[in-house]
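Thanks for asking for a quick read-through before you start exploring.

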Amino acid sequence: MGVYAEGVTNTLRVLQQGTLEVWGSPNNPPMRAFLKSGSELYRLVNWEEYKGTPGFGTGAVVSADGYVITAQVLPLINLMGLSIVEPSPQPIACLYNASEAARLREEEQGGGRRRLQAVVKPDARVLVVRVSLASGCSPVRSTQPGCSSTEWLSSMFSAPNSVMKHMSTCSFGAMGIDQAASAIRSVEVPCTPLASTADGYCGDESYKWRVDAGSVLQSQGVNLGAYDHVIYDMPSLGCGWSGIATMPGAWVMMNSNCGAGTALHELGHNYGTDHSDVMVGSTIYEYGDYGCVMGAATDNGKDNKCWSLAWTHALGVSTPRQISTGQLPPGGTMTATIGVVWRDKSNGIVIDAAAFGGPAPRSYYILLQADAGPMSSLKNMYLYAGSGIQPVLYHKAVVIQARPYSYSNDDAVRLAVLGGNSWYELPGTGIVVRPLSFTDNGDAVTITLCRKGGAQQCGASDTPLAPQRYWKFRPASDLQYCLSVCMDSSGQGCQPSGLNTNDKRLAVMRKGCGNNDVSNHTDLWYWDGLLLRNKQTNMCLDPEDATNYANPGPLYVRPCASNDGLGSSPIQQMWMWGGTPGSQFSMPEQAGDYFEDYDQNRFVSRWTQTYVNLCPAYCTSNACTALMGGPEPDVVPFAFTYGGSGVCSSRESTFELASALSFTAEAVNGAAVQPVASPPPRTPPPPFDAKADCERFRDALYSASLSSATALILCDTVQDGLRVNINGVLEPAQKFVITMLHTTPDGAMQVWARSGFLSGRDFWNRLFWVLKAKCACSQFGELQGSDRLGAEQVGLHSSG
């Protein structure tokens, strides 16, 4: 007679040996653990007590001591003990306590992070298994998998945003899939009906289907061990998850779908990456970082994005710049320029929190995020910030993450999103991060890092971004007028009475500004992140007085709001311009995918858009004129109006990009005066044949085989010039990488430009003119090329 568990009868105690499977991620219960012994699969109960055992994880051979409980779908083993016979090749990715973290940090030779144990590879073999249930199986929600073989082929390999392409691009080629060695197969398994078909029911049936599918494949001679990942497309389940995976491990189950974003997320779990969360106030919202594929998916799981910097660093595929205490001592300040995080593996900054007195084992990551390339799905989602998770759509922003957040939470947690007039203090370190300027095309940002100490307190201040472009905004209804600011005294001219004009001025439309004259700075505006800042007053367009449903409602400029230093953004003054996508300027605030059709080419306030008076307009009605202090020639108010139709339909509210006037910062401010200094003594450059090198470079770019053959071109500074080296020609259809590198004064190699795939002559042309100027070639005319770290700045001056 057996020994029975307390309160349970007919329950036999067993000592069962088998292979361990752990499904799910540590911070998203319920995780489940199973024991595979021969053809039997047992679900383990009370397994969490043993997860800290060295070698515990998927693939470990274990001996389980416990009570067997017969259940409807799978037998259970209520564990009383568990020992490791053979350790997992990929132990479970958790930090359990300070001593374990200290050991891992010591192994990293003082580094502030722990690398994940999963091994990444550029040629992973993937098997997709479409699982169907026997005909007539009931009750079930469906007997068929979610996607056809053709749909899986597109999602995994052939679509522009396929899993294979995203893995390679987002990991700089370190991770990828070998399509030729991968396969898609369909199997039918015996009927194991669902105990319930209701939404929310999530039993063990899918795990039984997976084991049965493996048995069918093995009977057909398929070696599952030959694949690095096996993805099972299951018939529909009532579970709330769209996918689940072993972490780390090799298996993924999809809940009747083939979304590329979902598949990337679950494969990330296979590699050991956990979720990407967001911190709002003192609350962490799991999955809340929509700027990382390990956050929540949108667009039914099709919005595949990249892994964030915290995860690519943990996987060992990125090498962000590490800031030491020697570089940033107490009271010190430094400036750094970083490129868009997915453009090059060296882009971004990592700071070991403990080295600066912050919480161990945390590292802080500072990165530039932009919604283009592999991150174009950012156009369809929100970056949340602010109390109560108010949505703010950034098209480029400095993002700050922490990972691991604590000994018990291995997630990456997004702490702040910094646009204009914003700053954030890295908790516990005294380091304040502040964006200074974004490049015009959004490819790079310059930031300051200020460490508190002594008299240096790195205080908040109204520090506008240095603009690269100014605008005059003209309504489509009358191009003689443009957005401006009333500069009269309080109660005089257009200025209403009772205003402290140091803190508040009326926004107006002024006639006679529709020209190229840049001398009147009240007509000039620039985007400071998502704040619309006036050049003359240094104030920002503010809709607060229009939120009481006034119709019309006045608009003012006020001192620009700063964030709260905790990552919350000044939503009140945020504006987005729904300019037509694909126009001549790549407007960072041109949120085309966000706007409704009737919002195109109009200013939309994040503060008031839920109110009826959401149409800022050139307004000539008597009611609008009454908003001014008194009549003034050629000046009318810029005010919120509402005509009752529910949409902004009038041309007075339309500010087309084509009607706006754009001016470079140099045209407005004049060319910057460069300080004159004696040049340092230089060693003569080593001789090299610039003409021959440039001809080789020209031939590589413009040869007849350009469309099918490419080369790796490295350009290293050689005193006064650049030496161009062209190494090897790739076969047609192979992946293409071109990187321009130069050596900075401190000896570091920095990236100028990078392309992940052969993308046509536009890229090659731009790249050629930059290098050509540095190579001193003259046969194509005289040109000048300038570069900026992390971005490409090209000036073309031809002499014939």
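1. A word on the source. What you are looking at is a predicted model, so please read each point below with that in mind.

2. The loop between strand 3 and strand 4 (61-69) holds Asn46. Its backbone deserves a glance: phi of Asn46 is near 75°, a positive value in a residue other than glycine. Asn46 is partly exposed, with a relative accessible area of 28%.

3. Another positive phi. Tyr287 is not a glycine either, and its phi is positive at about 70°. You will find Tyr287 in the loop between strand 12 (283-285) and helix 6 (309-314). With a relative accessibility of 25%, Tyr287 counts as partly exposed.

4. A helix with a buried face. Which residues of helix 2 are buried? In this helix, which spans residues 149-158, they are Trp152, Ser155, Met156 and Phe157. Viewed down the axis of helix 2, the buried residues fall within an arc of 160°, so they line one face of the helix.

5. The buried residues of helix 2 pack against several elements: strand 6 (126-133), strand 7 (183-189), strand 8 (229-234) and strand 10 (251-255), together with helix 3 (163-170) and helix 5 (260-270).

6. Two cis peptide bonds. The bond from Ser138 to Pro139 is cis, with omega near 0°, and Pro139 lies in the loop between strand 6 and helix 2. The bond from Ala360 to Pro361 is also cis, again with omega near 0°. Look for Pro361 in the loop between strand 15 (349-352) and strand 16 (363-370).

7. A contact across the sequence. Leu415 belongs to strand 20 (residues 412-418) and counts as buried, at 4% relative accessibility. Although Leu415 and Val278 are 137 residues apart along the chain, their C-alpha atoms are separated by 6.2 Å.

8. The largest nonpolar core. This core has 75 residues, and Ile366 and Leu449 touch the most other members. Strand 16 supplies the largest share of the core, 6 residues. Apart from this core lies another, of 31 residues, including Trp23, Val211, Val230 and Met253. In soluble globular proteins, nonpolar side chains tend to be buried together.

9. A closer look at Leu449. What does Leu449 touch, once neighbours within four places in sequence are left aside? Its contacts are Ile323, Leu328, Gly332, Thr333, Met334, Ile349, Ile366, Ile431, Val432 and Val433. Ile366, on that list, is the residue named alongside Leu449 as touching the most other members of the largest core.

How values were computed: Residues are numbered from 1 along each chain as its sequence is written. This is a predicted model: local features need pLDDT of at least 70, side-chain atom pairs count only at pLDDT 80 or more; totals for chains, interfaces and linings use all residues. Side-chain values use heavy atoms; hydrogens and water are left out. Buried means under 20% relative accessible area, exposed over 50%, partly exposed in between (1.4 Å probe, protein chains only). Helices (H or I, at least four residues) and strands (E, at least two) are DSSP runs, numbered from the N terminus. The arc is that of the directions from the helix axis to the C-beta atoms. Contact means heavy atoms within 4.5 Å. A nonpolar core is a set of buried Ala, Val, Leu, Ile, Met, Phe, Trp, Tyr and Cys residues joined through side-chain atoms within 4.5 Å.
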